[in-house]
Amino acid sequence: MSNAKVLPLLEPDPVAACCPPLNERPMAAEEAEVAAKMFKALGDPVRLRLFSAVASHEGGEACVCDISDVGVSQPTVSHHLKKLKEAGLLSSERRGTWVYYRVEPSVLAAMGALLAGAVKTA
């Protein structure tokens with residue numbers, strides 16, 4: 001006899017876009033602030049490389065020890081990862097002495113939706 005219970009699968013929350021697609025309507029000031037913060041964080045080449053390294057890493061997460069080879073010192077890597085976290089693009093979890101980073105899929109989807117509308121009409 002087993003005490004194991006079958007847990008129901010939870011459906012992920014639908015992606016809450018930060019902003020409407022660019023061609024839908026003019027952005028409100030608050031929406032523009034949110035979007036600008038995300039894009040500004042990705043406007044630095046080192047941050048973009050770090051973001052790409054995390055996003056493309058197997059399993060969707062990467063240890064800082066696996067992504068720190070971007071041509072800058074470790075303190076600079078930590079600074080850039082902090083900026084990506086502050087912009088809501090990454091989340092992190094400490095496991096022992098290492099920190100693991102993951103891309104926030106809902107934010108990535110929202111950024112894609114923001115730009116997708118503009119691409120369709122181009």
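Colleague: What makes R25 and E31 a salt bridge?

Modeller: This is a predicted model. In it, the side chains of R25 and E31 meet at 2.7 Å, N to O. The cut-off is 4 Å between a side-chain nitrogen of Lys or Arg and a carboxyl oxygen of Asp or Glu, so the pair counts.

Colleague: Are the two partners buried or partly exposed, and how do you know?

Modeller: They fall in two classes. E31 has a relative accessible area of 16%. Buried means under 20%, so E31 is buried. R25 has 37%. That value lies between 20% and 50%, so R25 is partly exposed.

Colleague: Why can such side chains pair?

Modeller: Opposite charges can pair when the charged atoms come close.

Colleague: How many salt bridges does the rule give?

Modeller: Seven. Another one joins E86 and K82, at 4.0 Å, N to O. The limit is 4 Å, so this pair counts too.

Colleague: What separates E86 and K82 along the helix?

Modeller: About one helical turn, because they are four residues apart in α4. In general, an α-helix has 3.6 residues a turn, so residues three or four places apart point the same way. As for accessibility, E86 is at 40%, so it counts as partly exposed.

Colleague: What makes R102 and E93 a salt bridge?

Modeller: Their N to O distance is 3.6 Å. With a limit of 4 Å, the pair therefore qualifies. R102 is partly exposed at 25% relative accessibility. E93 is partly exposed as well, at 35%.

Colleague: Which residues form a network of salt bridges?

Modeller: E61, E93, R95 and R102 are linked in one.

Colleague: Which elements does the protein chain have?

Modeller: Five helices and three strands. From the N terminus, the order is α-α-β-α-α-β-β-α. Buried residues account for 27% of the chain's 122 residues. Of the contacts with a separation of 6 or more, 56% involve residues 24 or more positions apart.

Colleague: How do you know that the span of α1 agrees with expectation?

Modeller: α1 has 14 residues, which should span 20 Å at 1.5 Å a residue. Its end C-alpha atoms are 20 Å apart, so the two agree.

Colleague: What puts the buried residues of α1 on the same side?

Modeller: The buried residues are E31, A35, M38, A41 and L42. They cover an arc of only 130° around the axis, so they sit on the same side of α1. On the other side, A29, E30, E33 and K40 are exposed.

Colleague: What is the end-to-end reach of α2?

Modeller: α2 has twelve residues and reaches 16 Å from its first C-alpha to its last. The expected span is 16 Å at 1.5 Å a residue. Its buried residues are V46, R47, L50, F51 and V54.

Colleague: Why say that they line one face of α2?

Modeller: Seen down the axis, they fall within an arc of 135°, so they line one face. The face turned away from the buried side carries the exposed residues P45 and S56.

Colleague: What happens at the start of α2?

Modeller: A side-chain oxygen of D44 reaches to within 2.8 Å of the backbone nitrogen of V46.

Colleague: What follows α4?

Modeller: G88, with a positive phi near 80°.

Key:
Residues numbered from 1 in each chain as written. Predicted model: local features only at pLDDT ≥ 70, side-chain atom pairs only at ≥ 80, totals over all residues. Heavy atoms only, no water. Helix = DSSP H or I, 4+ residues; strand = E, 2+ residues; numbered from the N terminus. Expected span 1.5 Å × (residues − 1). Buried < 20%, exposed > 50% of the residue type's maximum accessible area, 1.4 Å probe, protein only. Arc of directions from axis to C-beta. Polar contact = N/O pair within 3.5 Å; in protein donor to acceptor, adjacent residues only side chain to side chain. Contact = heavy atoms within 4.5 Å.
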